[in-house]
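Subject: Structure for your review

Dear colleague,

Please find the structure below, followed by a summary of what was found in it.

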Amino acid sequence: MNFFRFFAVFKARNIEFLRDKSSLTWSLLFPILLLFGFSFVFSGDGRPAYKVGIITGVSADSNTQKQFMETQFIEFINYKTLNTATDKLSHHTIDLVIDSQNKQYWINTESSKSYLVEKIFSEQFSNYTRFKSNGTKIRYLDWVLPGVLGMNMMFSCLFGVGYAIVRYRKNSVLKRLKATPLSAFEFVLAQLFSRLFIVIFISSFIYLGCNFIFDFYMIGSYLDLFIVSVLGAFCLISLSLLVASRSKSEELTSGLLNLTSWPMMMLSGVWFSLEGAPQALKTFADFLPLTHVVAGARAIMIEGASLGDISYHINILLVMSIVFMSISAYLFSWNTER
Amino acid sequence: MSEAICVQGLTKKYKDITAVDNISFTVKEGHCFGLLGRNGAGKTTTIEIMEGIINATQGQVLYQGKPVDNNISQQIGIQFQHTALQDKLTVKETLNLFSSFYQAPLSQDELVALCDLDAFLNRDNHKLSGGQRQRLLLALALINDPKILFLDEPTTGLDPHARRDFWQLIKNIKAKNKTIILTTHYMDEAEHLCDDIVVMDQGKIIESGTPHQLLTKYFNEVFIYLPKSQVPDNIIKQNQWANIAGRVEIKSKNIENTLTYLMSKKIPLDGLHVKSANLDDLFLHLTGHSLREVK
């Protein structure tokens, strides 16, 4: 490993990106336009139905509860702990929490939806003790911000690295570099760090710039958020290197990158929560790196979670990064044979 | 003069195709060595094996008696046939990037002077003309001050003026006692630059030597051309002259005798053209294909 060679390629790649004005503008404008769009479209809380949290492991009052749970336009979400559910309630993410084992329920006194759901609930359950909760409302904009930044990061990492490497391979830039003392490791590492630098710079720029206008809800540590972002970007770049490790076809790579990015865009919790989704879908989403990036960043920003609290997501991102990186290093080809 | 490179029994197979078929030759130090042949003859495969870019199926390449190793990239310079450069970098930034790869690169001033890059040093790579681009690629090949320089069809696609300029650059480099290995389609280029040539066809070497040796070996005659309309058919038939694109081709071992004969037959000499055999004729003779025809 020669640091001068690594740094020269790193610097050249950064210059290339910053001079590609269309790419740079798109990387900056796309998420900003999305955030502005959401701030207008979802000026309410953006959820079409009422949501009620149920503390799991309860079996009491089964008939009445079943009847209540068949109420239309109410979505029921199971929570393992009361704290998680009441946090969600205080952030206006859900409208009511029911603990039927202890015959208790919680409402958010600052939420109109909570008031209405309580009316429906108390008609059927008169023997439950009422508890109050309150807290700042989390706008949909605050909720969706980690998703939008994560999605932008994902596209930048996947297409910015994978597509560029395949293009380099196809038009023989890689072949020219192979004829120099530059090693594959130095080249790949430079691509990785260059993109890491670019996505973190762009995400920070967008966050800080938009924060002046929207005043995002953030109660966690900025350092933790930075660490999750770096780890997430590293994992996504590794995935991109894996996809681009051998191919010489831009069309094939474009297809593979779309195949990789679209499920993440739809199922990684970028736009909507998967809390009420079928288990199979949630299991599938767990295999997508973006799921863990968004969930981790969202937990830090909205719930004030520490790195320890989101260790599950951190560990999965670490394992995925190691696996993707190892396989792509093993498979990587300069592909100089015609 | 000592041997710079020795190629021994080189073979390269791609599945069912044999691109290079058991070829051997040596390149002398300080010489310009030409690999000639049409598209698909195996020239590029041969030099890419010599450069250590691709592996041979069989055979070996020795540099001053030693096999190719990982350090070879520090000692040789390469200009590939098809190479894209990072579009958004300028010529100067590209030179800096490649300089950083080597332990002892030439200074940028030297490279700029050697390859005449001064006029477009701050221009983006994608805005260069064909000739400027080839000069930059040559500068990149020279960046580590290599003893051996590989040029794979360096003037393909250039206009005649740019080609002549490029030839002069190669001559200047050769004057610094560099060994040059050149592949080309252009026979005039080979005649102009090469001390030794090998002619390849279908992966095999079909002839080798100096251009002069080969031309005198195969051609002891010159070609005289006359418009067909000026030569009666019975004389063409009687002398078995060839009719090529509206012109009669007369192979002559003695120009004076041939001209005397034509005048005796009262054939007008308007439009007469005399040409010595060149490497294109040699290739036609050896393979039955014209290089320009197949190109």
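In chain B, strand 11 (residues 222-227) pairs with strand 14 in the antiparallel sense over 4 bridges. Strands (E, at least two residues) and helices (H or I, at least four) are DSSP runs, numbered from the N terminus, and two strands pair if DSSP finds at least two bridges between them. Within this pairing, B:Phe223 has B:Lys275 of strand 14 as its bridge partner.

This is a predicted model: local features need pLDDT of at least 70, side-chain atom pairs count only at pLDDT 80 or more, and totals for chains, interfaces and linings use all residues. Residues are numbered from 1 along each chain as its sequence is written, while chains are lettered from A and ligands numbered from 1 in the order in which they are written.

The sheet in chain B is open and consists of 4 strands in the order 12-13-11-14, with antiparallel pairing. Its edge strands, each pairing on one side only, are strand 12 (242-244) and strand 14 (273-276) of chain B. On average, neighbouring strands are turned by 30° against each other, direction ignored.

Helix 10 (residues 255-264) of chain B packs on this sheet and touches strands 11, 13 (247-252) and 14 of chain B; contact requires C-beta atoms, placed from the backbone, to lie within 7 Å. The direction of helix 10 of chain B makes about 135° with that of strand 13 of chain B. Axes are lines fitted to C-alpha atoms, for helices over the stretch in contact, and angles run from 0 to 180 degrees between N-to-C directions. After helix 10 of chain B comes B:Lys266, with a positive phi near 60°.

In chain A, helix 6 (residues 140-170) and helix 10 (residues 250-267) pack at an angle of about 170°, their axes being 10 Å apart. These two helices of chain A are therefore roughly antiparallel to each other (angles over 145 degrees). The residues of their contact divide into 10 nonpolar, 5 polar and 3 charged. Here Ala, Val, Leu, Ile, Met, Phe, Trp, Tyr, Cys and Pro count as nonpolar, Asp, Glu, Lys and Arg as charged, and the others, Gly among them, as polar.

Finally, the contact between the chains takes 20 residues from chain B and 20 residues from chain A. On the side of chain B that touches chain A, helix 3 (91-99) of chain B gives the largest share, 3 residues. That side comprises 11 nonpolar, 6 polar and 3 charged residues.

Yours sincerely

Key. Contact = placed C-beta atoms within 7 Å. Parallel < 35°, antiparallel > 145°, perpendicular 65-115°, else oblique.
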